[in-house]
Amino acid sequence: MERARLIQTSLLVFLLLSLSVSYVHCQATRVGFYSKSCPRAESIVRSTVQAHLQSNPTVAPGLLRMHFHDCFVQGYDASVLIDGPNTEKTAGPNLGLRGYEVIDDANTQLEAACPGVVSCADILALAARDSVILVPTGRKDGRVSLASDTTYLPGFTESIDAQKKKFSAKGLNARDLVTLVGKHQRVII
């Protein structure tokens, strides 16, 4: 069972990284983006995630899911973190997201170490990575967050065909659908 979960998690990370590479390519991202401007950025996020995982191991899939939801709407821009009425955070598919406290904690520590340097988009990406593995950094934070934009997120109450269409629009297939959404429902393809 543990091996199957590791394989599923590895596939999920691969798919997220594949989407990430295609989206962030135009944003001049690279591994080690903060090596000069905030050399401890990645270690601060890593230690924050580790501390939270020690007290609540279930936060790991929550961070990965939050990163996926952020990606699926506007791309990797942390718009899912924006508070306020009618934001992505308030939309039905995002009401069950977990791990905000980890991102807030890491952001607080990074602002103390390197004020205004590390984007929330990268904090979210690094936290998701640190709940599993490594990703490039250098994303820009989103400035717009609309609940209406989440209509493109696959919902657990939608038909399989509707979800397949949404995944296809993002260059993903039925296997990707089962891997990323299968935990929320039983899918037979």
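These are my notebook entries on a predicted model.

**Ground rules.** I number residues from 1 along each chain as its sequence is written, and my side-chain values use heavy atoms, with hydrogens and water left out. Since the model is predicted, local features need pLDDT of at least 70 and side-chain atom pairs count only at pLDDT 80 or more, while totals for chains, interfaces and linings use all residues.

**Disulfide.** I looked for cysteine sulfur atoms within 2.5 Å of each other, which is what I call a disulfide. The structure holds 1. Cys38 is joined to Cys114, S to S 2.1 Å. The torsion about their S-S bond is about 80°, so I noted the disulfide as right-handed. The two cysteines are 76 residues apart: Cys38 sits in the loop between α1 (2-24) and α2 (41-55), and Cys114 in the loop between α4 (100-113) and α5 (120-130). My helices are DSSP runs (H or I, at least four residues), numbered from the N terminus.

Buried or exposed? For Cys38 I got a relative accessible area of 1%, so buried. Cys114 is buried too, at 11%. My cut-offs are under 20% relative accessible area for buried, over 50% for exposed and partly exposed in between, with a 1.4 Å probe and protein chains only. I also checked Cys71, which is buried at 8%, and Cys120, which is partly exposed at 24%.

UniProt, in an unreviewed entry, places the feature "active site" at His69. I keep in mind that such annotations may be inferred rather than shown by experiment; the positions are given in the numbering used here, with feature names shortened. His69 lies in helix α3 and is buried, at 6% relative accessibility. Which residues does His69 touch, not counting those up to four places away in sequence? I found Pro93, Asn94, Leu97 and Leu153, taking contact as heavy atoms within 4.5 Å.

**Aromatics.** I paired rings of Phe, Tyr and Trp (its six-membered ring) if their centres lie within 6.5 Å; planes under 30 degrees apart are stacked, over 60 edge-to-face and the rest tilted. The count came to 4 aromatic pairs. In one of them, Phe68 and Phe167 have ring centres 6.4 Å apart and planes at 35°, so that pair is tilted. The pair links helix α3 (residues 59-74), which has Phe68, to helix α6 (residues 160-169), which has Phe167, across 99 residues. Phe68 is buried at 6%, and Phe167 is buried at 0%. Phe68, Phe72 and Phe167 form one aromatic cluster.

**Cores.** A nonpolar core here is a set of buried Ala, Val, Leu, Ile, Met, Phe, Trp, Tyr and Cys residues joined through side-chain atoms within 4.5 Å. The largest has 27 residues, and Val45, Met66, Ile103 and Leu110 touch the most other members. Helices α2, α3, α4 and α5 each give two or more residues to this core. Leaving out residues up to four places away in sequence, Ile103 touches Leu63, Met66, Leu81, Ile123, Leu124 and Ala127. Apart from this core lies another, of 9 residues, including Phe72, Val73, Leu153 and Val181.

**Positive phi.** Most residues other than glycine have a negative phi. I noted Ala78 with phi near 65°, in the loop between α3 and α4. Asn86, not a glycine, also has a positive phi of about 65°, and its place is in the loop between α3 and α4. Ala78 is buried at 5%, whereas Asn86 is exposed at 52%.
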